[in-house]
Amino acid sequence: MDAILVVNAGSSSLKFQVFSVAGASLTRQVRGQIGGIGSRPRLYAKGADGAILIDQSYAAEAVRDLPAAIASAREWLLTLEGFDLCAIGHRVVHGGPDYAQPVLIDATVLDRLASYQDLAPLHQPNNLAPIRLAMEINPDVPQVACFDTAFHRGRPKHADCYALPRSFYDQGVRRYGFHGLSYEYVAERLSEIAPEIARGKVIVAHLGSGASMCALRDGRSVESTMGFTALDGLPMGTRPGQLDPGVVLYLISQEGMSADAVSDLLYHDAGLKGLSGISNDMRELLESDDERASFAVAHFVHRCSLSAGALAAALGGVDAFVFTAGVGENSAPIRARIAERLAWLGAEFDPAANEAGAALISSAASRVALHVIPTDEELMIARHTLALISAPNA
């Protein structure tokens, strides 16, 4: 059967899924990943029925980096029978000023995307690595780049610019926003389960190791917490979120830090990890009795609450608030603490529904619906890939 491979490559993990294609329909057949790259590598995959297809651990030196992980995943994927690969879809974090929708990848596009690596150093190089390898091994298989920035394009310039000379905006220094594939999926899913609300004013909180929030009106992005890079907005696992640019100037001029050292601090040693000095994992922080862990969690909740107020102002009110991504979908304590801070907007929280993991965690009397919607970025990538390769001029 025809199949689309979806690849989502990160710094410590390589996620992949295989979707069978029947006309315009997609069916997920395989979901897997290699995690713990360079430390405790493990290849794990399930089939469409939930059965485990492989669960294999490796020595750290056997899968020490992303290229090695790609090679291991490819070796296993080649053992799958019955699939005829017709395309590969990739998550690419930054589309820059040039790409506002998914695009078929060629050498020119790849070079252009590589020029944005400094804007997303945690993501972009890893996103592009499997593309390069696939171009070498299977040059005839079309590849599609799907961008986290694309969903936010089309907002007014006055909302996307910084208060800098206009020439910088023209060069591409602007507020792009990220996690767009997740927000796009949530917007579509919300239109299925609550169409009237989906046409209104909605705030979506994508809370994971990377975290951001987005204001939607009629399913379209109006405002978001992330800007030029994926450092902005909410505090994250290892990234600080909103930061006075004067702090960067201080670190360089007064602390004598180089630009590379500052970059390393902001991308790898800030956020929950920097605040707590313990971990960048919200689960570990919530389980810890250390005061520093509680402090980091309190800061995260505080900044989420502040951002909710700003996004509510951008929308002129709120009809619904949606939790999604790893923390948003799975952490009842974090949902509870944020939801309680939304009472001033008219949100009335249902603790029992939240603890039970319900899809709706607001009370019947709440003026703001509180939803929990699992995201599915890989399905969005597969849909975009199928649409692009099926287009008449593809």
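Ala 293 is found in helix H12, where helices (H or I, at least four residues) and strands (E, at least two) are DSSP runs numbered from the N terminus. The structure is a predicted model, in which local features need pLDDT of at least 70 and side-chain atom pairs count only at pLDDT 80 or more, while totals for chains, interfaces and linings use all residues. Residues are numbered from 1 along each chain as its sequence is written, and side-chain values use heavy atoms, with hydrogens and water left out. At 0% relative accessibility, Ala 293 counts as buried, a term that means under 20% relative accessible area, as against over 50% for exposed and in between for partly exposed (1.4 Å probe, protein chains only). When residues up to four places away in sequence are not counted, Ala 293 touches Ser 276, Ile 278, Leu 285 and Ser 288, contact being defined as heavy atoms within 4.5 Å. Ala 293 and Met 282, which are eleven residues apart in sequence, lie 9.0 Å apart in space from C-alpha to C-alpha.

The protein is divided into domain 1 (2-147) and domain 2 (195-372), with bounds that come from an automatic or database domain assignment. The C-alpha centres of domain 1 and domain 2 lie 27 Å apart, and the contact takes six residues from domain 1 and six residues from domain 2.

Rolling a probe the size of a water molecule over the atoms shows where empty space is left. On a 1 Å grid over the protein atoms alone, a cavity is a set of points where a 1.4 Å probe fits but cannot get out, whereas a pocket is an open set with protein on both sides within 12 Å along at least five of seven lines, and lining residues have an atom within 4 Å of a point. Grid points are joined across faces, edges and corners, and a volume is the space filled by probe spheres set on the points.

The second largest pocket holds about 1000 Å³ of space. Its lining is made up of 34 residues, of which Tyr 162, Thr 229, Leu 231, Asp 232 and Leu 243 lie nearest the centre of the pocket. Two or more residues of this lining are given by each of strand S11 (220-224), helix H8 (245-253), helix H9 (259-268) and helix H12 (291-315). By class, the lining of the second largest pocket has 20 nonpolar, nine polar and five charged residues, where Ala, Val, Leu, Ile, Met, Phe, Trp, Tyr, Cys and Pro count as nonpolar, Asp, Glu, Lys and Arg as charged, and the others, Gly among them, as polar. The second largest pocket lies between domain 1 (2-147) and domain 2 (195-372), because both domains give residues to its lining.

Two cavities of 30 Å³ or more are held in the structure. The largest cavity has about 50 Å³ of space, and its lining draws at least three residues from each of domain 1 (2-147) and domain 2 (195-372). Among the residues that line the largest cavity are Arg 91, Val 93, Asp 148, Phe 178 and His 179, and the lining divides into four nonpolar, three polar and three charged residues. The second largest cavity has about 40 Å³ of space and is lined by Ala 187, Leu 190, Ala 198, Val 202, Leu 216 and Gly 219, of which five are nonpolar, one is polar and none is charged.

Asp 148, one of the residues lining the largest cavity, is listed by UniProt under "active site" in an unreviewed entry; such annotations may be inferred rather than shown by experiment, and the positions are given in the numbering used here, with feature names shortened. Asp 148 is placed in the loop between strand S8 (143-147) and helix H4 (157-160), and with 0% relative accessibility it counts as buried. Thr 149 lies in the loop between S8 and H4 and is buried, with a relative accessible area of 0%.

Most residues other than glycine have a negative phi, and most peptide bonds are trans. His 179, although not a glycine, has a positive phi of about 60°; this residue is found in the loop between helix H5 (166-171) and helix H6 (180-193) and is buried, with a relative accessible area of 7%. Ala 325, also not a glycine, has a positive phi of about 75° and is found in helix H13 (residues 325-330).
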